[in-house]
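Please look over the structure shown here together with its sequence. The report that goes with it is given below.

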Protein chains: 4
Amino acid sequence: MYRFNNDYSQIAHPAVMKALSDTEGKSYGGYGIDPCCKKAAKMIKDRLNAKNSDVHFLVGGTQTNFIAIDAALRPYEEVICADSGHINAHEAGAVERCGHKIVTIPNSDGKISASAVAKIAQDYKESVIPEHVTVPRMVYISFPTEYGTIYTKKELSDLYKVCKKYKMYLFVDGARLAYGLGAEKNDVKFEDFAKLCDLFYLGGTKCGAMFGEALVINNDDIKPYFRNMLKQNGAMLAKGWLLGTQFSALMKDDLYFKLGQDAVKQADRLKKAFARKGIKEYIKSPTNQIFVVIDKALEAKLSKDFVFEFEGKYDSKHDIVRFCTSWYTKDEEIDALIKAL
Amino acid sequence: MYRFNNDYSQIAHPAVMKALSDTEGKSYGGYGIDPCCKKAAKMIKDRLNAKNSDVHFLVGGTQTNFIAIDAALRPYEEVICADSGHINAHEAGAVERCGHKIVTIPNSDGKISASAVAKIAQDYKESVIPEHVTVPRMVYISFPTEYGTIYTKKELSDLYKVCKKYKMYLFVDGARLAYGLGAEKNDVKFEDFAKLCDLFYLGGTKCGAMFGEALVINNDDIKPYFRNMLKQNGAMLAKGWLLGTQFSALMKDDLYFKLGQDAVKQADRLKKAFARKGIKEYIKSPTNQIFVVIDKALEAKLSKDFVFEFEGKYDSKHDIVRFCTSWYTKDEEIDALIKAL
Amino acid sequence: MYRFNNDYSQIAHPAVMKALSDTEGKSYGGYGIDPCCKKAAKMIKDRLNAKNSDVHFLVGGTQTNFIAIDAALRPYEEVICADSGHINAHEAGAVERCGHKIVTIPNSDGKISASAVAKIAQDYKESVIPEHVTVPRMVYISFPTEYGTIYTKKELSDLYKVCKKYKMYLFVDGARLAYGLGAEKNDVKFEDFAKLCDLFYLGGTKCGAMFGEALVINNDDIKPYFRNMLKQNGAMLAKGWLLGTQFSALMKDDLYFKLGQDAVKQADRLKKAFARKGIKEYIKSPTNQIFVVIDKALEAKLSKDFVFEFEGKYDSKHDIVRFCTSWYTKDEEIDALIKAL
Amino acid sequence: MYRFNNDYSQIAHPAVMKALSDTEGKSYGGYGIDPCCKKAAKMIKDRLNAKNSDVHFLVGGTQTNFIAIDAALRPYEEVICADSGHINAHEAGAVERCGHKIVTIPNSDGKISASAVAKIAQDYKESVIPEHVTVPRMVYISFPTEYGTIYTKKELSDLYKVCKKYKMYLFVDGARLAYGLGAEKNDVKFEDFAKLCDLFYLGGTKCGAMFGEALVINNDDIKPYFRNMLKQNGAMLAKGWLLGTQFSALMKDDLYFKLGQDAVKQADRLKKAFARKGIKEYIKSPTNQIFVVIDKALEAKLSKDFVFEFEGKYDSKHDIVRFCTSWYTKDEEIDALIKAL
């Protein structure tokens with residue numbers, strides 16, 4: 001049985017496992033104040049060329065999303081995102097639980113445009129009784145998106161410009177950042193995220209770590225008391241050095257970025273195989289997630305040896321399914337799937 | 001200057017004013033535990049033929065909406081409403097502030113259908129990881145809606161049936177209930193609200209009272225500790241008898257319902273005048289709010305003597321504007337407006 | 001039956017009633033944007049000699065308290081108050097509902113000292129892991145306190161100095177402000193509140209108005225988007241002019257302050273009568289609330305003709321009870337009670 | 001340098017490490033729905049003899065505390081605990097952030113009594129206006145407490161009886177459960193927690209796991225939708241099997257309980273050494289935490305080779321400090337410390 005259903009079904013890259021087991025018998029200070037976190041934060045900031053940014057390590061994506069949003073917004077402020085955005089569609093109301101309204105824009109292959117964002121901000125500015133509506137203060141995007149698509153540098157810059165024009169923060173969910181940066185088509189560099197958004201994170205859980213996300217805060221307004229926000233929301237790991245240790249291992253020799261490239265290459269092999277067989281991509285994803293429209297007979301047949309995710313019905317004879325590659329996808333797994341096709 | 005911009009620009013019906021001033025020099029117990037509230041609650045329940053319902057008096061609509069919703073929902077539960085719904089569009093994020101997600105349905109003349117609600121509930125039921133999404137537990141509608149339209153008894157019954165099928169509460173915002181019940185076309189009786197929803201309210205602020213809303217809770221699940229919810233949210237008026245006194249005056253001899261009928265009659269006169277002049281209704285409202293598509297030249301001219309509300313642009317030459325009648329609209333005001341047309 | 005149980009059992013001072021009924025037949029804009037609110041705000045600011053302060057009108061005390069606190073604090077910040085403070089003891093957890101911890105100081109006749117506040121702030125400053133505790137950011141006091149006592153100008157200044165030293169806000173709950181200012185002993189002037197605290201309010205509900213509190217914000221940090229906070233929390237009255245009208249009437253010719261003085265004079269008569277009869281004051285209150293230790297036999301006897309409030313048991317033969325005078329207390333009521341004693 | 005400052009400064013027990021690394025190359029389903037979690041839950045329930053209890057795995061203690069409390073309480077309900085309780089003193093206001101008031105009882109060596117709890121519940125029951133205060137609905141205790149003390153079976157039973165009498169939940173924070181159960185004096189059995197409380201947890205982070213807490217819910221009222229609470233609060237680990245795997249390893253052959261006993265034995269050796277040297281225990285703790293009153297000169301000397309935690313000043317010449325043993329404390333570390341003494 002080969003698993004292509006998601007990119008978080010295996011424990012961690014061997015380099016991460018080794019780094020963790022190397023700490024056995026050693027003692028560290030608690031709550032993220034330790035040399036491992038310090039070192040990992042420095043590696044990330046050096047690689048970003050962003051001395052003044054703050055780096056915090058958290059355990060998971062939903063946690064990172066709602067705390068980052070809550071740290072930035074006052075109670076009467078809203079966050080704007082795609083209707084398909086993770087915070088809107090898959091996080092059980094975490095952002096609303098913090099008291100904030102999510103205002104959605106219909107997605108275009110998982111993405112939203114600067115002009116759609118500008119319209120909401122402008123409408124607010126022109127509203128007759130502005131106290132009766134929530135105030136647009138943040139834009140949330142994912143890189144890559146829920147559909148595996150990525151923003152171009154131009155699109156990202158445009159979004160950031162609109163945000164600055166209307167005094168909004170731009171927050172980039174990078175749960176799968178490695179796979180976005182690793183896409184052949186991608187023209188956004190890692191270091192661009194230090195300049196083209198207010199805060200973003202490097203996902204570890206889906207990109208080689210056992211668990212963990214590294215949040216980078218560029219904007220000074222969001223920095224104060226962020227550790228209080230972590231503690232208050234149960235996101236300050238007692239053994240914080242576990243996170244620092246993992247991210248040091250991932251940043252060493254650009255491992256994080258290589259893992260992303262490798263997974264995308266495996267996905268590209270698969271995409272070509274689908275194309276050869278006339279199996280249509282539902283959405284053209286340049287990253288590690290592949291959404292295809294598949295004949296139900298073939299779906300049933302493949303299910304015997306492969307795990308993949310049902311996404312929805314396409315028509316009476318076809319379903320939409322997702323295949324994910326990951327840092328742990330092996331050549332033979334792809335070979336087997338291609339052969340089965 | 002004649003004001004048609006809203007239905008809450010004058011203090012209160014003379015009968016309400018008299019009832020209030022009659023209490024001068026008299027003393028009452030605090031926090032809604034007094035003979036005035038008791039009497040008003042009884043009058044409402046008798047008129048509804050709903051002995052077992054609970055009645056609470058609150059000060060305003062937004063307050064009533066978010067407290068009722070928060071009392072009914074657990075943190076992980078959502079409320080469904082029209083995108084144009086007051087709680088979604090005009091309450092500054094009050095429901096989200098309480099921690100609850102609002103899920104919207106595109107409105108049809110301000111209304112939502114039982115089938116659209118059923119679809120959301122059914123989709124939730126069929127969701128693969130139901131813990132990753134919020135749980136549909138309440139449907140919020142307004143009677144009349146933001147566009148002055150009303151649900152038929154059939155539509156209301158259908159919504160209630162769907163709610164019961166999927167274990168959801170039906171909550172009816174009756175901020176303008178009098179005007180809905182007073183519509184010529186209306187086939188829903190006041191007493192139907194005791195049977196076709198879980199909770200609803202009779203708006204006072206817009207329907208003859210100085211201020212105040214009377215919330216009726218039919219469903220036993222929502223009754224316990226409701227007064228704690230009121231106090232905790234700053235909605236328990238110290239001089240609660242002020243509310244009881246007003247609603248007694250409004251319920252006496254069905255004054256509340258008569259005021260509604262009168263205002264709708266005035267609106268109907270106005271609608272006929274608009275029709276005669278070829279001025280199109282933007283949405284056909286059978287109640288006290290009239291939305292018309294008006295030529296900008298006429299708009300400018302009327303503005304000199306009449307106040308009405310700009311709702312949006314229609315095309316380059318026309319705007320959409322709202323005229324409201326109310327319990328205080330006088331024949332001569334309508335006459336003047338008709339004459340001006 | 002004469003009522004001394006509280007100071008909010010009658011509707012409103014005749015001047016307020018007249019001002020309200022004078023608006024009959026007139027129309028006003030909604031949501032506090034109207035000439036009545038503008039005028040009342042100006043009268044208050046002129047009387048305070050505080051041009052730059054913002055004035056907002058709210059309906060009740062609990063509402064004003066939690067919104068003011070929530071507007072000033074971030075999620076990880078706490079408010080400090082006396083254990084007997086209204087927000088801690090009588091508001092059903094409203095402040096915690098907004099997400100803020102209340103840290104209490106044992107009261108001394110209802111009051112807290114600058115040194116006790118400084119200790120908490122200093123302890124926080126010296127805490128080893130400051131992210132594991134809440135951040136002291138506001139001090140809440142009442143003037144007068146729950147026990148009717150008042151702070152001297154020296155005590156108030158000292159509290160404010162400590163607040164500024166530790167970057168905390170000082171918030172003064174003035175639900176009974178008129179009675180505090182009206183005390184013979186009092187050396188705090190109304191205009192001092194413009195300089196010795198960050199925000200405070202003039203209570204109307206208990207001091208001559210039908211309902212309403214006027215919140216004055218001196219500190220610029222708390223001013224932005226305050227109206228959004230009002231709307232989001234259901235505290236923006238649709239007919240806001242009702243509040244402006246009442247406060248204009250109360251500010252006219254210093255009526256507000258005179259009502260306070262009158263009520264305290266009646267209370268002083270009563271205190272002397274209690275003293276003559278050897279009835280001990282439980283706490284020496286210089287304002288309109290009197291707490292006495294009363295023999296149960298006398299308590300039972302007085303209960304036949306007078307309403308007063310049971311506060312707790314003193315010993316097996318005595319209870320602690322409260323008598324309140326108010327703007328509506330008449331000479332004959334006091335005469336009757338004195339006679340009965 | 002030997003570390004006695006806390007019990008979470010090393011990664012994990014070798015058996016846990018092995019269990020984790022054994023999963024390398026294997027794939028599992030996400031979000032806690034996997035055979036590892038199922039197996040671990042069964043092992044815990046079997047050992048508790050509690051078939052009907054629910055078991056959930058979370059990442060950390062603060063997270064477990066606030067989610068458990070929030071799942072059990074409605075907005076107007078309070079939780080009672082010792083003033084020294086972790087949720088009150090060390091969690092940055094996490095419980096209040098969820099909207100709930102914490103009501104504290106002065107601790108007696110870290111503990112609270114059934115009678116003190118009963119008094120609060122009874123006072124509420126007798127309160128004149130119960131809607132003005134929060135409703136006591138849960139009691140939170142720790143086993144062992146912040147001071148390392150433990151409740152006897154009698155004390156625990158009494159607390160539970162009071163809770164049931166007043167319809168309150170009893171919640172036991174077991175972040176250090178292994179060390180409480182491992183105390184020589186202890187007469188509470190693991191399986192007692194299935195019968196003498198409504199919910200409790202087995203701490204992993206401090207007791208042999210890399211991270212993680214296993215929450216056991218006995219009371220049916222708190223079970224529904226608990227996974228939604230986890231997700232909404234960012235506490236549902238994507239790779240949930242990491243937690244199941246660890247707890248299986250800890251439950252196997254009662255490893256969890258043996259680790260607790262071992263650490264307490266090491267602590268007992270240390271306590272005897274302190275006693276021999278005339279060093280007074282500040283609080284007599286029967287578990288793995290030792291609080292001693294230490295001469296500042298000795299404190300300075302020991303600090304060169306040993307890490308321990310400063311807790312506060314005792315007098316001008318003495319400090320209170322904490323030494324912790326743990327599952328990873330070795331004989332030679334204790335030997336070295338005894339020798340140094």
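Predicted model: local features only at pLDDT ≥ 70, side-chain atom pairs only at ≥ 80, totals over all residues.

## Contact between chains A and B

Where chain A meets chain B, 16 residues of chain A are in contact with 16 residues of chain B. On the side of chain A that touches chain B, the residues divide into 6 charged, 6 polar and 4 nonpolar.

## The sheet of chain B

Chain B holds an open sheet of 7 strands, in the order 2-8-7-6-5-3-4 and with mixed pairing. Its edge strands, each pairing on one side only, are strand 2 (54-58) and strand 4 (102-105) of chain B. Direction ignored, neighbouring strands of this sheet are turned by 25 degrees against each other on average.

Within the sheet, strand 5 (residues 135-142) of chain B pairs with strand 6 (residues 169-173) of chain B in the parallel sense over 5 bridges, and Ser142(B) stands opposite Asp173(B) in strand 6 of chain B. Helix 6 (residues 114-125) of chain B packs on the sheet and touches strand 3 (77-82), strand 4 and strand 5 of chain B, its direction making about 170 degrees with that of strand 5 of chain B.

## The sheet of chain C

In chain C, 4 strands in the order 9-10-13-12 form an open sheet with antiparallel pairing, and its edge strands are strand 9 (281-283) and strand 12 (309-315) of chain C. Strand 10 (residues 289-295) and strand 13 (residues 318-324) of chain C run antiparallel and are joined by 7 bridges, with Gln289(C) standing opposite Cys324(C) in strand 13 of chain C.

Helix 11 (residues 255-276) of chain C packs on this sheet, touching strand 9, strand 10 and strand 13 of chain C, and its direction makes about 20 degrees with that of strand 10 of chain C. Helix 12 (residues 296-303) of chain C lies across strand 10 and strand 13 of chain C, running at about 120 degrees to strand 10 of chain C.

Key
Residues numbered from 1 in each chain as written. Chains lettered and ligands numbered in written order. Contact = placed C-beta atoms within 7 Å. Nonpolar A, V, L, I, M, F, W, Y, C, P; charged D, E, K, R; others polar. Pairing = 2+ DSSP bridges. Helix = DSSP H or I, 4+ residues; strand = E, 2+ residues; numbered from the N terminus. Axes fitted to C-alpha atoms, helices over the stretch in contact; angles between N-to-C directions.
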